[in-house]
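Reader: Before I use any labels for this protein, I would like to see how each one is reached.

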Amino acid sequence: MAYMIGIDTGGTYTDAVLLDADRKSADAVIRKSKSFTTHERLEEGIENSIKRLDLTEEEIAAIEKIVLSTTLATNAIVEGKIHDVGLILIGGLPRGQLATEHVRQVRGKVNIKGRVLLDIDRYEVSEAVKWLEKDVDSIAVSCVASVRNPILEQKVREIICGICDLPVICGHELASDLGFLERTNTAVINGGLLPIINSFIQAMKKVLSQNGIKAPVFVVKGDGTITKSHVIKNTPVDTVLSGPAASIIGAINLTEAEHAVVADMGGTTTDTGVVRNKRVELSPDGAQVGNWKIKIKSAKLYTFGLGGDSHIKVKDSGFEIGPERIVPACRRGDGDAAATPTDVLHYSNNFAMWDREKAVTAIRKQAETAGLTADAYICGAKDAVAKKIHDHLRQYEATGLPVIAIGAPAKSWYEITRKKYDLNLIIPEHYEVANAVGAATAGICAVGEAVIRPGEDGGGFLVHGNTERFAFNEMTAALNKALAVSRAYAVRAIEEQGLEPSEETYECESVYQKGDRLVHMPVTVTDEGKINCSHDPEKGKFVEAKVKVLIGGNMFA
């Protein structure tokens, strides 16, 4: 028998599940627990949730892995609590607000084709480092067009590492898309999260050790995949939106649905995302967190201010729900001041986990203040919550997809909404801990990517990989080089985690311009891992080709 533990630290609860690693769907859940999230010390809430699983010695010995999804990075960014980061900019200043005030510019230039037009000056870089290092905890490096050729960022990093011991983060290591400002701020924010996530992982390992758990620790990334904790210590920005991503994975695995809209209702907000072919739909633009646009691979989410702890207000225009969050009266909140959807459910006995009498008292007080009977208040509040849910889901009506509702308050509120608006609704078993199930069952995947574009002056082809640039005369040779370097990059990412590369998948296409439109054509990879696709002018003007290699990982190689 082999087990997995999934843990999710949400805004209100920290959930934990013990899963049978050999089973699928809801049958895999052996035990589950919920504890309040301890925001200042997340590891305490995690320890409480683990203890409530009541693990036996035999189960502890058979645990294969622990997987965490955490709000830590997201909350630190939103609350402005990241550490101070120095930034060295090569070749110019991005347009827009930077995520740090500790900035130095140095000379150097790479053009959009990736050719170095001006090399860096080692003395100038050294002086910039000496100016920054006394005031910061890490240094980020970002260069215009570094995704076309990262060599100047790599040179600057080498100089920094020879001068000081501060962690160094380069923009090209985190983002492969153009967008100088977003890529720069992603590197800065990643640097600012390093001490936070490192402290958390150390504390987590101590908690697990104290509970006799020696299994490897993984963390969910914002795209719904997982990676070893020692890797995420270097790229903590990848954990942004890891909680919602885990929830979507949990909904997929609990229902085995191929396609669906997933609605995860928490204490403060509801996150919705789309599943197609059992895969999380990703955002093409990265993630917006607080004031910052972050260039990471993340689930495509829509978030709105409705949760079990939303503030209910009664105004002349009717009931308003949220977006402010308060402590429900049933959980010792100030019932004289306000009530919440959770209090409404307690009053009407749809859901009763805490002190119903306090909820009843609060509802009667709020109803009296609004000039309503308690029953009229309950009816109005339920209608307002259901309408807010339905109004948000209308954007998905054209898809015809069923809605999978998960999260602690979801069963009650989405059942109420279904009766009023006839939703195509699925509420899985273990819906209240779907996020933790998703964490435990998320897959391991590394990605290598490359772009092929026309060469200098339109002649030949340039391959822009994750770490290097190459030039070729023939498209087939360029595509196969792109495939080889992307595969090598992904394999290395798997092996650095002490894992064995497993299944490989490819996503390749070429893009041509024909008239005023772009034509996307798939590129086939043979069973031998080769591409045979020469340039054909009849297809139109060649714009670019994209190669992506995805490689899974098996444990205990």
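Author: What follows goes through several labels and the values behind them.

Author: This is a predicted model, in which local features need pLDDT of at least 70 and side-chain atom pairs count only at pLDDT 80 or more, while totals for chains, interfaces and linings use all residues. Residues are numbered from 1 along each chain as its sequence is written, and side-chain values use heavy atoms, with hydrogens and water left out.

Reader: Why is Asp 54 called exposed?

Author: Exposed means over 50% relative accessible area, buried under 20%, and partly exposed in between (1.4 Å probe, protein chains only). Asp 54 has 56% relative accessibility, so it counts as exposed. Asp 54 lies in the loop between helix 1 (42-51) and helix 2 (57-61), where helices (H or I, at least four residues) and strands (E, at least two) are DSSP runs numbered from the N terminus. Asp 54 also has a positive phi of about 55 degrees, although it is not a glycine.

Reader: Is Ala 145 buried or exposed, and why?

Author: Ala 145 counts as buried because its relative accessibility is 8%. Ala 145 sits in the loop between strand 9 (138-143) and helix 5 (151-163). Its phi is positive, about 65 degrees, although Ala 145 is not a glycine.

Reader: And what makes Ala 337 partly exposed?

Author: The value for Ala 337 is 49%, so it counts as partly exposed.

Reader: What makes helix 6 mostly covered?

Author: Of its 31 residues, 22 are buried.

Reader: Why is helix 11 called roughly perpendicular to helix 12?

Author: The axes of helix 11 (residues 374-393) and helix 12 (residues 410-421) come within 9 Å and cross at roughly 80 degrees. Axes are lines fitted to C-alpha atoms, for helices over the stretch in contact, with angles from 0 to 180 degrees between N-to-C directions. Angles of 65 to 115 degrees count as roughly perpendicular, under 35 as roughly parallel, over 145 as roughly antiparallel and the rest as oblique. Helix 11 is therefore roughly perpendicular to helix 12.
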